[in-house]
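Dear colleague,

Please find below the structure I promised to pass on to you. My notes on what was found in it follow directly after.

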Amino acid sequence: MGEMGLRERKRQRMYQDVSDIAVRLFLERGFDAVSVAEVAAAAGISKPTLFRYFPAKEDLVLHRIADHETEAARVVAGAADPVDALRRHFLEGLARRDPVTGLNDHPAVLAFHRLLYGTPSLVARAYAHQERSEAALAQALGGDLDARLAAAQIIAVQRVLALDNWRRIAASEPVAEVAPDAVAAAERAFRRLAEGLPGLGDRNPGPDVRLG
């Protein structure tokens, strides 16, 4: 078990190191101006090895948010009121300036978001990430059509809230000024979700749900 744990840690370290090198190169020169072969050379690995870790060039960037794919599903697992659990989780993210909420003005975070939202192929790949998040949440909510419809609305609300925060921060509005509006918008959006998805808590199958 210890050997397997070490092997997995080394694998995750490889993912992180290669992704960090790639993002640095993309930020310096632009996503389309850097080839996969150049990333592999900078990371000291072969191109085939890189593709074993990252099936697509875009995945080198999206790796940074990959751990958020099942976040919503994890939050609602076992929750009596899934929408309220997600509301509280999003508000907590705003309070700690979690980059995924868009409410973060660190230069590195802003540069990463400019790269992500300013590159069409990355935007398209990000939608695939959101679809997987939506599918995981739908399964956590029961997996039927009503659960899928609810998950689609919830993930869309989170995406729009975060994008609006990022756009204001990217336009040089101070975080301290954006934050109260971000909290109010989140409260309003989740309240409307709760009103539009009555009884959702009764459908939550609890913590034994399989997410993948």
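Threonine 101 is buried, because its relative accessible area is 2% (buried means under 20% relative accessible area, exposed over 50%, and partly exposed in between, with a 1.4 Å probe and protein chains only). Before going further, please note that this is a predicted model, in which local features need pLDDT of at least 70 and side-chain atom pairs count only at pLDDT 80 or more, while totals for chains, interfaces and linings use all residues. Residues are numbered from 1 along each chain as its sequence is written, and side-chain values use heavy atoms, with hydrogens and water left out.

Threonine 101 sits in the loop between α6 and α7 (helices are DSSP runs of H or I with at least four residues, numbered from the N terminus). Setting aside residues up to four places away in sequence, threonine 101 touches Phe90, Gly93, Leu94, Leu161, Ala162 and Asn165, where contact means heavy atoms within 4.5 Å. A polar atom of its side chain lies 2.7 Å from the backbone oxygen of aspartate 98.

Aspartate 98 is itself found in the loop between α6 and α7, and it counts as buried because its relative accessibility is 13%. Apart from its neighbours within four places in sequence, aspartate 98 is in contact with His68, Gly93 and Leu103.

Aspartate 59 belongs to helix α4, residues 59-62, and at 14% relative accessibility it counts as buried. Its side chain makes a polar contact of 2.8 Å with the side chain of arginine 125 (a polar contact is a pair of N or O atoms within 3.5 Å; within protein, one must be able to donate a hydrogen and the other to accept it, and residues adjacent in sequence count only if both atoms are side-chain atoms). Leaving out residues up to four places away in sequence, aspartate 59 touches Phe54 and Arg125.

Helix α8 has 21 residues and reaches 31 Å from its first C-alpha to its last, close to the 30 Å expected at 1.5 Å a residue, the expected span being 1.5 Å times one less than the number of residues. The buried residues in α8 are Leu122, Ala126, His129, Ser133, Ala136, Leu137, Ala138 and Ala140, and what covers them includes α4, α5, α7 and α9. Just after α8, glycine 142 takes a positive phi of about 130°.

**Helix α10**

Helix α10, residues 175-196, has 22 residues and spans 30 Å from its first C-alpha to its last, close to the 32 Å expected at 1.5 Å a residue. In α10, Val175, Val178, Ala179, Ala182, Ala185, Ala186, Ala189, Phe190 and Leu193 are buried. They lie on the same side of α10 because they cover an arc of only 140° around the axis, the arc being that of the directions from the helix axis to the C-beta atoms. The face of α10 turned away from this buried side carries the exposed residues Glu177, Arg192 and Glu195, whereas the cover over the buried residues includes α6 (82-95) and α9 (145-170).

Key
Helices (H or I, at least four residues) and strands (E, at least two) are DSSP runs, numbered from the N terminus.
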